[in-house]
Number of protein chains: 2
Amino acid sequence: MSVSRPAVHPVEAPPLTDAAENPPRVRMKDIQGMPGTPGGLALRLAQFVSAVTALGVMVAYTDFTSVTAFSYLVAAAVLQSLWSISLAFIDIYALLVKRSVRNPRALSLFTIGDGITSTLMFAAACASAGITVLIGNDLEACHRRQYCATFETATAMAFISWFAICPSFLLNFWSLASR
Amino acid sequence: MSVSRPAVHPVEAPPLTDAAENPPRVRMKDIQGMPGTPGGLALRLAQFVSAVTALGVMVAYTDFTSVTAFSYLVAAAVLQSLWSISLAFIDIYALLVKRSVRNPRALSLFTIGDGITSTLMFAAACASAGITVLIGNDLEACHRRQYCATFETATAMAFISWFAICPSFLLNFWSLASR
């Protein structure tokens, strides 16, 4: 008898509170690009590949430490690639076991991490771009230097990495705010 | 009799739909820094003052057009100051007539504008910082140049302007997402 009317039973109160806590997760639509979706995994891999490419291209120019902005680009690319590959593993795990990783605490962590790494990466890309343009256009020193292509490639890859992390950050922030 | 049970009346449906549309505006808390609050106005004025200072300091160095990044900083500072002063006037209007300017359409516009101007300003600040550090630390050319302080001041002001626009952008984006 009591099974047919669970709502009037005081012992059924905890599930009700739980249900009131759950709607956010149910309401959150599965937009591609969010953590735990194939789109999110693709974004993470794109970030990782472009950050590693920027890192590799810049490190191949052995004298990169002579310019502060290029050393900073290398540091930002290392941080970005470590962050992106970690999140990619979390996405793979979430996809394999079909579990949602979008609980508020994880989302806050992802959002803050994405915000920090994207800001650092964008700053590094802009500083490198400023110097590359200074050398190439303003000083017109590229005709006698072999390394301009290196700087340009590394800068472009850093920007691509930032373009890939932007949707991740905005989608995470959006899901966090619309909980 | 029908007044005591309005929910069963079909004519009562429109107010219900209206009520379902309204809660977002009611739920949106008046966090300082959002458009139409004194904090928001203070942020806009801080953005405006620092962008105009960056602009003035950079333009005072007459040869700024010889470096692409510095020309870009001037352009970004012009855009930023125009945007911030416009939004400051909107905030003043909202405060004077005590009207909320946080309808979804205005919030989208503010968020997109803040996002674009903050990205441009940050990019300009980072590019200028890269070049300033290159001249000052890497080439150690500051001892024989008088303009290093100019570049440093303009760059610092551009960063301050970006620091002031970040909360505006994040708060607008948050209110937009949590509607």
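Analyst: The expected span of a helix is 1.5 Å times one less than its number of residues, a helix being a DSSP run of H or I with at least four residues, numbered from the N terminus. The model is predicted, with pLDDT of at least 70 needed for local features. Residues are numbered from 1 along each chain, and chains are lettered from A in the order written.

User: How do you know that the span of helix H4 of chain B agrees with expectation?

Analyst: H4 of chain B (68-97) has 30 residues and should therefore span 44 Å, and its end C-alpha atoms lie 44 Å apart. B:Lys98, with a positive phi near 55°, follows H4(B).

User: Why is H5(B) called roughly antiparallel to H6(B)?

Analyst: Their axes, which come within 7 Å, cross at roughly 155°. Angles over 145 degrees count as roughly antiparallel, so H5(B) and H6(B) qualify. The contact of H5(B) with H6(B) has 18 nonpolar, 12 polar and 2 charged residues. H5(B) passes H6(B) in a left-handed crossing (near helix turned anticlockwise from the far one by less than a right angle).

User: What makes up the lining of the largest pocket?

Analyst: This pocket (an open set of 1 Å grid points where a 1.4 Å probe fits, with protein on both sides within 12 Å along at least five of seven lines) has a volume of about 830 Å³. Of its 29 lining residues (an atom within 4 Å of a point), A:Phe169, A:Leu170, B:Ser118, B:Thr119 and B:Phe169 are closest to the centre. H5 (104-138) and H6 (148-177) of chains A and B each supply at least two lining residues. The lining has 19 nonpolar, 10 polar and no charged residues, where charged means Asp, Glu, Lys and Arg.

Key:
Predicted model: local features only at pLDDT ≥ 70, side-chain atom pairs only at ≥ 80, totals over all residues. Heavy atoms only, no water. Points joined across faces, edges and corners; volume = space filled by probe spheres on them. Axes fitted to C-alpha atoms, helices over the stretch in contact; angles between N-to-C directions. Parallel < 35°, antiparallel > 145°, perpendicular 65-115°, else oblique.
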